Amino acid sequence: MGPSSLLPTRRRDLEALVELTSAASGSRVVAVQWDAGVETGPLLRELTAQLPLDPARIHLLTGLSWQSSTPGALLRGIPWSERGAEGLLASVTPSGLDGPDLAVIVDQAQHADVDSLRALVECAHTAHGLRVLLIIGLEEQGPAMAARPAAERALLHEVVRSAHDRHRLPALGIEDVVEIAGRQGLALLPGVAARVLDHCGGHDEEVEETIRLLADQPHLARQRSMPVPPSLRNRTEVTLATLSDEAVGLLQAVAVLEVCRPGLPVQVSEAGRVAGVQAEGRAVDRTSALVDETRSTGLLRVVDPGSRTVVLASPSVRVCLLEAMGIAGQRGLHARAARLQDDPETQLRHEWYADPRADRGLAEGFQRLAAQRARRGEWMASAHLLELAAEATDDPVRSADLFVEAADAVVGAGDLTLLGARIAQLETVRETALREACLGYIGCLTGRPSTAGARLQRARELVNPQRNPEVARKVAERQVLHALARCRAEELLEWHQRARILRPDGDPEDRYCEAEAISGVAQAALEGPELALARLDGLLAEVPEGAMGQRLRLARGWVLLAAGDHLAARDELERAAAGAGVGSSFRVTSWATAWLARVQLETGEWQRAAATAARGADEARRHGLYLLVPLLEWTAAEVAALRGDWEQAERSLQAGRADASHYEIMRAPAMLARAAVAREREDPRAVLEALAPFDQSWARGWVSAPGFWPWAEMRADALLLMGRREEAEALVTAHEERAVAQGHRLQIARMAGLRARCLLLDGRVDEARAAHARALEVLEELPLPLDRARLHAGWAGALRRSGRRTEAEAALTLSRQVRQSLGLGGLVEAADRVAVSEEEPGRAARPVLTQKELSVARLVADGMTNREVAGQLFISVKTVQYHLTAVYAKLGIRSRAELAARGLADLAS
């Protein structure tokens, strides 16, 4: 077996658990929690193999459902445990090793008897003189916990709360599903993997079974709905047979209501009325009891603590319930739901499902509702209504056109995964301008500029603006998005103007504010942020909060970030990133998340930045939005490099790679990510190589606008470290002039810091100090600690190379203080990266310890363990070992004792 047999997510869990368990100097209780459907056996078995302990001292116990009410049942597998905690401890002697003396791992503790758990916890807390490691694995929200008596649930929760450490196992991710498929010889696209995850509700066993079905019948992956795992179908059938008729009716009502409100939880009271178990004015006690009964089966999940709203465990469970009802049963419940509805849209949906025959009135009703949703920017809801309209119409040509409109709305919502099988169908319908615009839009969001450009050109050839201005306007708006991805501001504004001209008289401005929002960003790149912000503010004052407001807040946050107003940018981007709940666009949410991660990194919130970027990248891949993956992985790679986690940095670089065949808005962050990692690796040559494509013509406009892409600062820094002062000065001058022309205060300050170094190396000391002071004055007022740390470090390096070592040490001290305040003890000091002499610029001096390595070496020399060093520097144990190995190699030593013997002064030199 071994760790390689685990899936990627579980391998990371294993690393985290090994770190937690190795941190203990005495007895320790670790709680491992997960939600229903997570398979834990392989992970915990591998954990036992990783513990530094004689296997005879390790006991892996598994709770079994039929033993939960039998006192002491869990411990029966340990012969010497009859006398409870005292018996356990009496049988253990100190191991004499660094690890624990006894390790007990309990899997599936939600099934375990409470007496055994109590005895084990007592062992861990009363083992004086012994080191007991107790790991308790618990499915926290599954049916087993729901079925236990309240007193036992309380005790299990108390065990978790009293643990020294906790670790939550996440559900499987896209990369796990892709690996499962690969092991079965099936090459699965990330979008299809996301559909499998959603269909199975993240349930490990069902995911693996669905993959087996797809491996046997690959064509099933192209269908609109995924196959239902046979084991789930059988389990659901058996479960329904054990429930009361009313409980089954409630589950069926929830299934029918979910069909007409995709993605939204169901009100328990509404489900009770549709099922006929709660009449108007009747007490809700019966419905609440039925919720408890069905929840204990694992088929239903409660959304809120008050049990007012519920959802089925997964879409596959919904399919099983609908199948069990039969066509007649489904139509009957839909008819009943329609009669009970107050909301016209939901009522219309239920009427269609109750009698799904061609009906012109229903079709027109769905189209009207879809148009209303579209005007509010609620594209996914609009798409569902257009699909129903396509099915309800009796005109085949109009039905095909409505299908294309529905697909276009799904793309507008940014969920290309949901589009899935529809793309193949889209290719088969008759060629129209809207179809080509839709396919071009898909090409844009998936990061394929050639495909997008060709499709959009064909759409322009097919459309007649006089006869069909609405479609012509939509084509122009798709060109706006294409130009955004190409980073062509002038072209973007031209297409935006065409879209505005095609707007029908009397239409509200907010209907077009996505193109308006995007044009605001382009305007900021060309003319500076002041005018763009004034225009965006005016639009926000007119547009209500919701999907349209989300787009404007994204644009405003992006412009504020480029302008250097990070706090205001954070407020806007946080609101835009949280906007998925308004029924608008995953695409807009992903954009906002990407720029929010940059704000968090630049303001020193690197842990939040890493989490935001990781979450955003996963969501972008889940929805097929590959256009945005490099932007998100840029931040992830830079944070990993700042922490010295080179393996993670390399993973992020690979995940976010882009080349000349991709959009410019993918290439720019991919190159910046590679340059950022090279900078932290102390390799200015690699920085220059990574940034070389910015010399090309595509990077001379928007890409070089002040505040948008920080490549010029990184290149100038690397040139100075390589001793190429004249090139650095020319680059600084060009970008400084543009920043001054736009009144860009932050960019002027950044360039002033670089100019100060140029002037100092040219011997113009007084001018250099004045420029450095100007830069520092601005940065001291802004919440940008990384900028300040790098300013001090770069200035220190220039001072050192100009022979002013006393001043250099003072500047280094300021940089170290900023780094320590951020918990980034390893942030690279420019003066320590490459010791460039005046006589031989560009040549590195003898191998010296980097600041990261020096920080680790000093703490280890002081007698700290790797675990203690990791805690002190806010890095992982694995990263500590990586730096320690490098230290040994550079110093030519083999042990911690030799390192301590060197002394701190020797290390610093």
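Author: One definition to begin: an axis is a line fitted to C-alpha atoms, for helices over the stretch in contact, and angles run from 0 to 180 degrees between N-to-C directions. Also, this is a predicted model.

Reader: Okay. At what angle do the axes of α11 and α12 cross?
Author: They cross at roughly 110°. The two axes come within 8 Å. Helix α12 covers residues 268-275.

Reader: And what does that make α11 relative to α12?
Author: Roughly perpendicular. Angles from 65 to 115 degrees count that way.

Reader: Left-handed or right-handed crossing, for α11 passing α12?
Author: Right-handed.

Reader: Which residues make the contact?
Author: From α11 you have G249, L250, A253, V254 and L257. From α12 you have E270, A271, G272, V274 and A275. By class, the contact of α11 with α12 has 7 nonpolar, 2 polar and 1 charged residues.

Reader: How far apart are the axes of α11 and α15?
Author: They are 9 Å apart. Helix α11 spans residues 245-260, and helix α15 spans residues 344-354. They pack at an angle of about 110°. So α11 and α15 are roughly perpendicular to each other. Their crossing is right-handed.

Reader: Which residues of α11 and α15 meet?
Author: V256, L257, V259 and C260 in α11 meet R349, H350 and Y353 in α15. That contact divides into 5 nonpolar, 1 polar and 1 charged residues.

Reader: New topic: salt bridges. How many does the structure hold?
Author: It holds 65 salt bridges. One of them joins the side chains of E345 and R373, at 3.0 Å from N to O. E345 lies in helix α15 and R373 in helix α16 (residues 360-375), so the pair ties together parts that are 28 residues apart in sequence.

Reader: Why can side chains pair like that?
Author: Side chains of opposite charge can pair when their charged atoms come close.

Reader: Now sheets. What is the order of the 5 strands in the open sheet?
Author: The order is β2-β3-β4-β1-β5, and the pairing is parallel. The edge strands are β2 (58-62) and β5 (165-168), and each pairs on one side only. Neighbouring strands are turned by 15° against each other on average, direction ignored.

Reader: How many bridges pair β1 and β5?
Author: There are 4 bridges, in the parallel sense. Strand β1 covers residues 28-34. Across that pair, Q33 stands opposite R168 in β5.

Reader: Which strands does α2 touch?
Author: Helix α2 (residues 41-50) packs on the sheet and touches β2, β3 (102-107) and β4 (132-139). The direction of α2 makes about 175° with that of β3.

Reader: And where does α6 lie?
Author: Helix α6 (residues 150-161) lies across β1, β4 and β5. Helix α6 runs at about 130° to β4.

Reader: Last one: the open sheet of 3 strands. Parallel or antiparallel?
Author: Antiparallel, in the order β6-β8-β7. The edge strands are β6 (266-267) and β7 (300-302), each pairing on one side only.

Reader: How many bridges join β6 to β8?
Author: 2 bridges join them. Strand β8 covers residues 309-312. Q267 stands opposite T309 in β8.

Reader: Great, thanks!

Technical notes
Residues are numbered from 1 along each chain as its sequence is written. This is a predicted model: local features need pLDDT of at least 70, side-chain atom pairs count only at pLDDT 80 or more; totals for chains, interfaces and linings use all residues. Side-chain values use heavy atoms; hydrogens and water are left out. Angles under 35 degrees count as roughly parallel, over 145 as roughly antiparallel, 65 to 115 as roughly perpendicular and the rest as oblique. A crossing is left-handed if the near helix is turned anticlockwise from the far one by less than a right angle, and right-handed if clockwise. Contact means heavy atoms within 4.5 Å. Ala, Val, Leu, Ile, Met, Phe, Trp, Tyr, Cys and Pro count as nonpolar, Asp, Glu, Lys and Arg as charged, and the others, Gly among them, as polar. Two strands pair if DSSP finds at least two bridges between them. A salt bridge is a side-chain nitrogen of Lys or Arg within 4 Å of a carboxyl oxygen of Asp or Glu.
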